[in-house]
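Visitor: I've got a model open here and a few things to ask. Can you walk me through it?

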Amino acid sequence: MEKSLDLINARIREGSARVVTAEEMPAIVDELGEEGALEEVDVVTTGTFGAMCSTGAFFNFGHADPPIRMERVWLNDVEAYAGIAAVDAYLGATQEAETRDRPYGGAHVLEEFVSGATVELRATSHGTDCYPRRSITTELLLEDMNQAVMVNPRNAFQRYNAATNATDRTLHTYMGTLLPRCGNVSYSGAGTLSPLANDPAFRVIGSGVPIFLAGARGMIVGEGTQHSAATGFGNLMVTGDLKEMRQEFLRAAVMSGYGVTMYIGVGVPIPVLDTGVVRSTAVRDEDIITDIIDYGTPRRDRPSLARVSYADLKSGSVEIGGETVRTSPLSSYRRARAVARELKTWIEAGKMELALPTRRIDPAKRSKPMRETVVTPRVREIMDRRVISITEDEDIRVAAKKLLKGETNHLPVVDASGLLVGIVTTYDVSKAVVSDGRFRRVKDIMTRNVIRTTPDEPVDIAAQKLEQNNISALPVVDAGNRVVGILSAIDLGKLLPGRRWR
């Protein structure tokens with residue numbers, strides 16, 4: 001048995017279509033089987049509500065008198081991109097204000113417009129014969145704009161990696177605050193309610209399909225930027241009229257220590273055409289698997305510390321390396337459920353009919369990393385390989401002599417196997433000398449929690465370690481934790497002029 005889209009839309013117009021949310025669908029399939037569910041259900045609604053940085057809007061402000069060709073535009077001191085046309089601009093949600101004393105960005109401006117507040121427009125120009133004006137400042141309401149069209153390059157990911165942090169310091173990321181030593185796991189996405197989790201092959205979700213976007217009737221433009229469905233990270237480019245949106249489904253937010261972002265509600269209705277659609281919309285949280293990634297590794301390819309399901313994440317804790325770690329959602333499941341339910345009421349009331357994609361989204365597409373024509377230097381290229389080390393049981397006076405003889409300020413401390421176990425500096429030895437002989441051995445004064453680098457690490461990351469820890473040298477260790485070099489601020493200063501380390 002199959003159903004046509006025409007039949008489903010006819011039922012929507014008649015008010016007889018059976019519409020359920022993706023949360024309800026698994027139980028219906030369990031009860032009726034796939035054929036029975038196909039006969040019973042016409043539409044499955046999905047929903048998600050989470051931080052979607054890749055959000056923004058195009059504006060047309062209309063012409064002033066005398067007219068101006070706006071070359072730079074600010075909305076409440078947040079700069080918008082004006083390289084489009086004389087009185088058009090695109091405001092990105094993550095663009096931050098230049099003059100405010102608290103985090104404030106494009107997301108706040110978008111929310112203020114939707115809430116009905118006035119926003120200050122400021123623009124400058126060099127002036128031309130046809131656009132003689134050189135500056136303008138005015139206050140605008142959303143209704144004053146000719147067009148205010150939200151176009152989000154990348155929303156509603158198929159799934160998200162969960163995030164944790166194996167380092168010894170707290171990290172502030174777009175996945176929220178990550179506590180040291182895997183103290184927490186942050187995750188995003190609605191699991192079983194997520195639009196793309198219910199159509200992973202992109203059979204019925206594609207260009208031209210109507211959607212719920214922040215309370216307005218929107219549309220899928222096509223695949224989002226960085227779409228990578230082959231790796232489970234497909235996403236959508238979407239659009240909708242900002243003037244029809246509602247504040248409850250569009251909220252600005254600030255990720256502490258990271259920046260401004262925007263929470264958006266997105267829902268996609270799925271027509272139940274055949275048993276293939278029934279099967280994909282019966283997905284449960286247990287079926288959606290993701291990795292817990294260590295964001296403490298400052299590289300593009302970060303290690304996975306565990307693979308878990310959304311059911312595991314939603315349970316409140318997961319296991320990493322034999323330890324129980326609490327989990328917390330970055331997105332709102334309650335609000336995602338509200339999106340799916342409101343979309344359901346729209347369709348039941350005949351306010352939205354469904355459409356099939358006018359252009360399919362490639363389910364096999366895989367995003368590529370950036371092509372870099374200039375390779376970032378690695379630590380091995382500038383490190384000092386003439387390492388003078390000391391053992392932890394040696395006398396502090398020996399350390400002092402080595403520091404003087406080696407003309408260095410840092411001595412890596414190694415154990416009997418030659419493995420790095422600490423570091424002592426000229427400052428440590430100087431303090432010990434004036435301590436009335438209370439400290440005699442290197443192990444009494446050495447720093448045991450050593451910040452280190454590796455030969456393959458990019459020098460930018462090594463430089464960041466120096467800055468964040470306020471230190472001036474890093475032991476370089478191999479995969480076996482044996483010291484193979486030392487990298488100092490002086491070495492980095494030769495390569496990265498203009499930066500300062502203590």
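Visitor: Which strand does Phe58 lie in?

Guide: This is a predicted model, where local features need pLDDT of at least 70, side-chain atom pairs count only at pLDDT 80 or more, and totals for chains, interfaces and linings use all residues. Residues are numbered from 1 along each chain as its sequence is written, and side-chain values use heavy atoms, with hydrogens and water left out. Strands are DSSP runs of E, at least two residues, and helices are runs of H or I, at least four, both numbered from the N terminus. Residues 56–60 form one such run, and Phe58 lies in it: strand S4.

Visitor: Is Phe58 buried, partly exposed or exposed?

Guide: Buried means under 20% relative accessible area and exposed over 50%, with partly exposed in between (1.4 Å probe, protein chains only). Phe58 comes out at 35%, so the label is partly exposed.

Visitor: How many residues of helix H3 are buried?

Guide: H3 runs over residues 106–115 and is mostly covered. Among the buried ones are His108, Glu111 and Phe113.

Visitor: How do the residues lining the largest cavity divide?

Guide: The lining includes Phe157, Arg159 and Ser194. Ala, Val, Leu, Ile, Met, Phe, Trp, Tyr, Cys and Pro count as nonpolar, Asp, Glu, Lys and Arg as charged, and the others, Gly among them, as polar. That gives five nonpolar, four polar and one charged.

Note on methods: 1 Å grid on protein atoms, 1.4 Å probe; cavity = no way out; pocket = protein on both sides within 12 Å on 5 of 7 lines; lining within 4 Å.
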